[in-house]
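Visitor: I am new here and would like to be walked through this structure. Could you show it to me first?

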Protein chains: 2
Amino acid sequence: MSYISTAHLRFLLFEIHRVQDLFQYEFFGHLDEEQIQMMIDSAKALADRDMFPFFKEMDEKPVAYLGNGEVWTHPQLKTIIRNAAAQNWIGDAARFEHGGMQVPEMVHNTAQSIFIAANNSTQGYLGLTAGAARLITSFGTQALIDTYVPKMYNGEWQGTMALTEPQAGSSLTDIATSAAPTQDGYYKVRGQKIFISAGQHQACDNFVHLTLARIDGAPPGVKGISLFVIPKFRPEADGSLAYNDVFCAGDFQKLGQRAYATTHLVYGDQGDCRGWLLGEPHKGLTYMFQMMNEARIGVGLTAAATASAAYYASLQYASERPQGRPLNSKNPLQPPVPIIQHADVQRMLITQRAIVEGSISLAMECNKLGDLAHAGDGAAHRDQWLLLELLTPIMKTYASEQGNRATSLAIQVLGGYGYTVDFTAQQYYRDLRIMAIYEGTTGIQSLDLLGRKVGMDNGRAVQLLSQAILQTAAAADEYPVLKNCADALRRALQRTSEVLQHLSSFAKAGDIERYTSDATVFMEMTGYVVIGWQWLKMAVGAQQCLEKGDFSRQHKAFYSAKIHTAQFFFRYEMPHASACAHTLLQEGWLTDVEAGEEWWQ
Amino acid sequence: MSYISTAHLRFLLFEIHRVQDLFQYEFFGHLDEEQIQMMIDSAKALADRDMFPFFKEMDEKPVAYLGNGEVWTHPQLKTIIRNAAAQNWIGDAARFEHGGMQVPEMVHNTAQSIFIAANNSTQGYLGLTAGAARLITSFGTQALIDTYVPKMYNGEWQGTMALTEPQAGSSLTDIATSAAPTQDGYYKVRGQKIFISAGQHQACDNFVHLTLARIDGAPPGVKGISLFVIPKFRPEADGSLAYNDVFCAGDFQKLGQRAYATTHLVYGDQGDCRGWLLGEPHKGLTYMFQMMNEARIGVGLTAAATASAAYYASLQYASERPQGRPLNSKNPLQPPVPIIQHADVQRMLITQRAIVEGSISLAMECNKLGDLAHAGDGAAHRDQWLLLELLTPIMKTYASEQGNRATSLAIQVLGGYGYTVDFTAQQYYRDLRIMAIYEGTTGIQSLDLLGRKVGMDNGRAVQLLSQAILQTAAAADEYPVLKNCADALRRALQRTSEVLQHLSSFAKAGDIERYTSDATVFMEMTGYVVIGWQWLKMAVGAQQCLEKGDFSRQHKAFYSAKIHTAQFFFRYEMPHASACAHTLLQEGWLTDVEAGEEWWQ
């Protein structure tokens with residue numbers, strides 16, 4: 001079943017981003033390549049059996065609110081969660097002491113990308129539990145860890161992250177959920193949260209909501225937000241479970257990801273909702289950002305892997321559907337050819353491929369940085385975190401925004417059929433559309449990039465990225481076939497720094513509003529540059545194998561395809577980075593605008 | 001109810017594209033400005049009352065196949081069709097002798113754009129009937145006209161265009177529906193058609209299918225295709241209606257436009273389907289292209305007006321939703337501001353606006369050319385047709401492709417709420433997505449543009465377009481505030497001709513495959529140039545009023561907004577034309593590709 005290329009995943013893991021480099025660290029010292037290969041095989045087999053065959057049906061029979069706090073979910077969801085947990089795909093990356101296998105994020109996310117491509121809505125349940133459990137192990141007391149984490153890793157209990165409130169949306173400053181301390185070690189919580197993914201469903205027995213709330217008397221704004229563990233059913237001293245007054249008041253019906261419950265939670269309506277503080281008071285947002293940063297990569301990867309599945313769906317259709325004839329020989333007496341032979345269909349396919357494979361490569365670059373930072377220490381450690389911080393919003397945004405375009409192209413390859421519900425192309429298009437909104441919209445990611453990340457440590461992260469890009473370009477210079485791409489990448493990088501210099505004059509003058517007003521255009525430009533870097537990296541790796549004649553891992557045509565796709569990216573996509581630079585280097589429109597009611601009419 | 005700006009429509013009609021110019025022609029001599037203003041008012045009132053309030057509900061209760069050839073449609077559909085027909089909105093553009101009012105297409109489509117913005121799925125029923133009736137009046141005998149057209153214009157009978165067949169798709173060469181001549185003046189028809197919009201529903205009593213079929217013994221390919229009038233119920237000599245063996249075998253369930261029936265028709269399953277030849281044998285495709293060309297503008301306009309409605313939905317949300325604070329004063333104790341005050345939200349709104357209003361302006365440019373060509377004669381007449389032929393695929397494609405982006409931005413403005421079915425943003429996103437497929441996909445429009453239109457009459461159409469663009473740029477030179485835009489437009493035009501020169505070397509060498517391989521990128525580039533031209537035209541008109549201080553028609557802020565949006569377009573959108581040129585001027589990837597099974601894996 002074709003929804004993702006495991007060959008590409010292996011190419012990235014072993015030939016481009018070299019997971020093998022991690023084995024030298026004590027934390028990952030128990031692993032070898034063969035084990036990882038087997039893990040990928042078993043993830044694919046699981047996805048083939050439990051996930052992909054239910055992908056369409058779970059959309060057609062979506063999550064439904066049943067009233068009385070209950071949410072109906074497809075029965076297969078339970079099978080998926082329990083079987084994935086049985087293979088340790090929720091807790092695999094955790095420490096041994098927490099029940100994990102100390103698997104690198106690179107590998108964990110490779111498996112998750114297979115699950116996503118097979119059935120994007122259901123992988124979220126696994127990913128959320130893993131992230132929530134990791135927050136508890138990172139910042140929780142041993143008691144909290146013992147109480148919650150094992151049940152989460154075995155798939156019996158669902159973890160969630162509960163940030164958004166109706167009146168606040170993306171503005172976490174305005175979080176109003178309150179937590180009143182008691183003498184008994186817990187807080188009494190009251191408030192409402194919306195858009196809580198996996199907040200209630202039929203596949204798990206309990207729900208562990210990692211919830212942002214404000215301790216009574218806390219400072220205003222984000223500096224007064226704390227993080228709580230709030231279960232739906234609280235474990236009592238005798239081992240029984242008591243209802244903890246977390247009520248699911250509804251489920252949002254959505255454009256896509258219709259098998260993924262998106263709930264409205266009410267805490268403490270009966271005055272009996274207890275929350276346990278995680279870590280220290282008022283540091284909730286900092287803690288949550290650990291999960292959030294991982295979740296942002298996760299959302300980007302979800303976009304990329306969903307677009308992968310759409311790509312393979314459209315590739316299959318294009319290979320099988322006969323229609324039309326080559327333009328050079330339009331004889332109606334000849335039989336029609338498969339549409340994949342038409343240039344425009346090939347362009348639509350290779351565009352999807354460039355977006356999908358480039359995004360997955362960037363996700364793996366990020367995960368490797370995380371793994372290295374996690375396993376190592378010293379100065380390199382700090383630099384790895386910095387670079388990861390810089391790349392995270394770019395990864396999330398490029399994959400989401402360009403993923404929308406990719407799935408739209410998948411529909412287009414199928415033509416009229418692509419618009420019907422008989423085919424999955426439209427489902428991928430709907431499913432993917434949320435990714436530019438989850439975990440911080442594109443606008444927020446762009447503010448994060450330009451407003452925070454670019455300036456961190458006096459621009460150290462940007463400097464590290466530039467070095468990495470130039471290093472790849474230098475490696476590409478060795479190969480005449482890649483020279484043009486290397487030059488184009490260097491030019492694009494140079495333009496990026498011109499833009500930054502131009503914009504920073506506004507920041508220096510204290511006009512942060514103007515500095516960031518086109519942050520989204522800056523983000524778009526940066527996306528092309530960073531994905532161009534990934535493509536050049538892949539092309540260099542492929543060209544090395546082609547020149548050595550080393551086809552022990554992949555066919556020759558596989559490597560040629562990487563070169564071609566890289567060249568395609570530089571020819572068709574990279575020029576738009578220049579267009580963005582052109583926009584950014586002009587004077588702004590915003591300052592000229594005459595506000596007024598009529599302006600908008 | 002805000003879903004389209006009638007102020008913008010009036011601005012285009014009377015100040016930019018000047019419908020008044022038509023009144024000097026005999027065909028339109030009965031009209032005056034006041035009448036047209038009243039027509040717009042009455043169209044808006046009709047849309048407000050009958051269409052917009054049902055937009056969401058008709059999506060939630062979509063068309064359904066009931067079996068036995070019957071298709072359920074929302075009861076409001078009948079009200080809409082009958083009331084629109086009663087105001088003559090189906091036949092308004094027809095000649096007096098056919099029951100019409102000889103209303104210019106400019107005005108007809110202005111009204112239709114209001115209907116589309118109010119309820120895009122249902123306007124299609126009106127538009128199809130109008131187009132089908134016009135085909136009959138253009139090429140049919142008086143008997144055919146008398147039999148069908150009055151019932152179509154009064155909304156009792158539905159017209160359709162039946163081209164697509166399951167095995168042929170976009171390849172009309174492969175049409176297989178057969179028509180066997182009889183002694184009785186009709187043909188016996190057998191075959192199947194799919195994706196037939198409005199092919200069966202509950203709002204009309206009869207269906208008049210303008211159907212492409214092949215007369216027995218006809219030449220192969222498109223030269224052997226004829227056009228037939230094939231009713232579902234044929235009028236007998238005694239005035240009664242007899243079932244004509246056109247069976248609706250199903251309705252396609254779609255991503256969007258769910259109130260618009262998309263049917264599967266089976267002709268002659270019982271051997272008793274009669275068709276009446278329209279015009280001469282084997283000329284069916286030529287005739288159909290009259291309707292098709294109008295339909296292409298219609299689809300483009302549907303995209304633009306649907307995006308308009310999405311824009312106003314997101315504008316309203318952005319004006320009302322408080323969230324976050326200005327970046328220059330992030331005090332959590334201050335109340336949040338409406339999100340329209342955030343720069344990125346403004347960027348998303350003005351981008352939508354630039355796409356919507358630019359597209360509607362181009363549609364009106366096209367309609368005026370059609371009106372002039374229709375009313376006048378001589379050399380100018382021929383040039384008007386030529387330019388219209390060139391602009392038609394561009395109008396259709398720009399509005400469809402960029403419309404997808406615009407509706408996606410509308411979702412983004414609403415954030416998480418935009419992804420829920422509680423809001424209409426997601427419905428617009430789904431509805432609009434078909435427009436790049438209807439009536440020839442973007443790939444086919446692009447082949448039409450580069451492969452046919454550009455070369456017509458030795459490039460005369462391109463020459464005419466260039467002249468028109470340079471004329472607008474020259475007018476803009478008068479105003480310092482528009483000088484930069486005028487220069488940018490001239491540069492983009494110059495780049496376009498460099499690209500054409502580069503590509504034409506392939507055509508001259510006979511390699512039509514290579515010449516057209518990047519037709520879609522050429523289309524994208526041309527779209528920016530042509531919409532840039534429209535924006536400059538609007539800006540010149542607005543600036544003239546600002547300088548004259550003539551605010552008799554619009555407020556000052558209205559005109560300022562046009563200038564700003566034009567500047568926005570040139571700053572944010574036009575640079576991407578250069579990016580496309582950059583792509584097109586490089587050597588191709590297609591020729592380098594090593595084909596092979598693995599290539600696609």
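Visitor: Is B:Lys44 buried or exposed?
Guide: In this predicted model, the relative accessible area of B:Lys44 is 16%. Buried means under 20% relative accessible area, exposed over 50% and partly exposed in between, with a 1.4 Å probe and protein chains only.

Visitor: Which residue forms a salt bridge with B:Lys44?
Guide: Side chains of opposite charge can pair when their charged atoms come close. A salt bridge here is a side-chain nitrogen of Lys or Arg within 4 Å of a carboxyl oxygen of Asp or Glu. The closest N and O atoms of this pair are 3.0 Å apart, and the partner is B:Asp48.

Visitor: In which helix do B:Asp48 and B:Lys44 lie?
Guide: Helices (H or I, at least four residues) and strands (E, at least two) are DSSP runs, numbered from the N terminus. The two residues are four residues apart, about one turn of the helix. An α-helix has 3.6 residues a turn, so residues three or four places apart point the same way. The helix that holds both is H2 (residues 33-51) of chain B.

Visitor: Is B:Asp48 buried or exposed?
Guide: B:Asp48 has a relative accessible area of 18%. That is under the 20% limit, so B:Asp48 is buried.

Visitor: How should I read the numbering and the values?
Guide: Residues are numbered from 1 along each chain as its sequence is written, and chains are lettered from A and ligands numbered from 1 in the order in which they are written. Because the model is predicted, local features need pLDDT of at least 70 and side-chain atom pairs count only at pLDDT 80 or more, while totals for chains, interfaces and linings use all residues; side-chain values use heavy atoms, with hydrogens and water left out.

Visitor: What is the N to O distance between B:Arg82 and B:Asp205?
Guide: B:Arg82 is in helix H4 (residues 76-86) of chain B, and B:Asp205 is in the loop between strand E5 (187-197) and strand E6 (206-215), 123 residues apart. B:Arg82 is partly exposed at 24%, and B:Asp205 is partly exposed at 40%. Their side chains meet in a salt bridge with an N to O distance of 3.8 Å.

Visitor: Which residue joins B:His8 in a polar contact of 3.0 Å?
Guide: B:His8 lies in helix H1 (residues 6-16) of chain B and is buried, with a relative accessible area of 2%. Leaving aside neighbours within four places in sequence, B:His8 is in contact (heavy atoms within 4.5 Å) with residues including B:Glu357 and B:Phe558. A polar contact is a pair of N or O atoms within 3.5 Å; within protein, one must be able to donate a hydrogen and the other to accept it, and residues adjacent in sequence count only if both atoms are side-chain atoms. The side chain joined to B:His8 in this way belongs to B:Lys562.

Visitor: How far apart in space are A:Ile4 and A:Ile116?
Guide: A:Ile4 is found in the segment before helix H1 (6-16) of chain A, and counts as buried at 6% relative accessibility. Among the residues it touches are A:Leu9, A:Tyr312 and A:Ile360. Although A:Ile4 and A:Ile116 are 112 residues apart in sequence, their C-alpha to C-alpha distance is 9.4 Å.

Visitor: How many residues of H9(A) are buried?
Guide: Helix H9 (residues 343-375) of chain A has 33 residues and should span 48 Å, the expected span being 1.5 Å times one less than its number of residues. Its end C-alpha atoms are 47 Å apart, which agrees. H9(A) is largely enclosed by the rest of the structure, because its buried residues number 31 of the 33.

Visitor: How many salt bridges are there between chain B and chain A?
Guide: The structure holds 70 salt bridges over all chains. One that joins the two chains pairs A:Arg325 with B:Asp174, with the closest N and O atoms 2.6 Å apart. Between chain B and chain A, the count is four.
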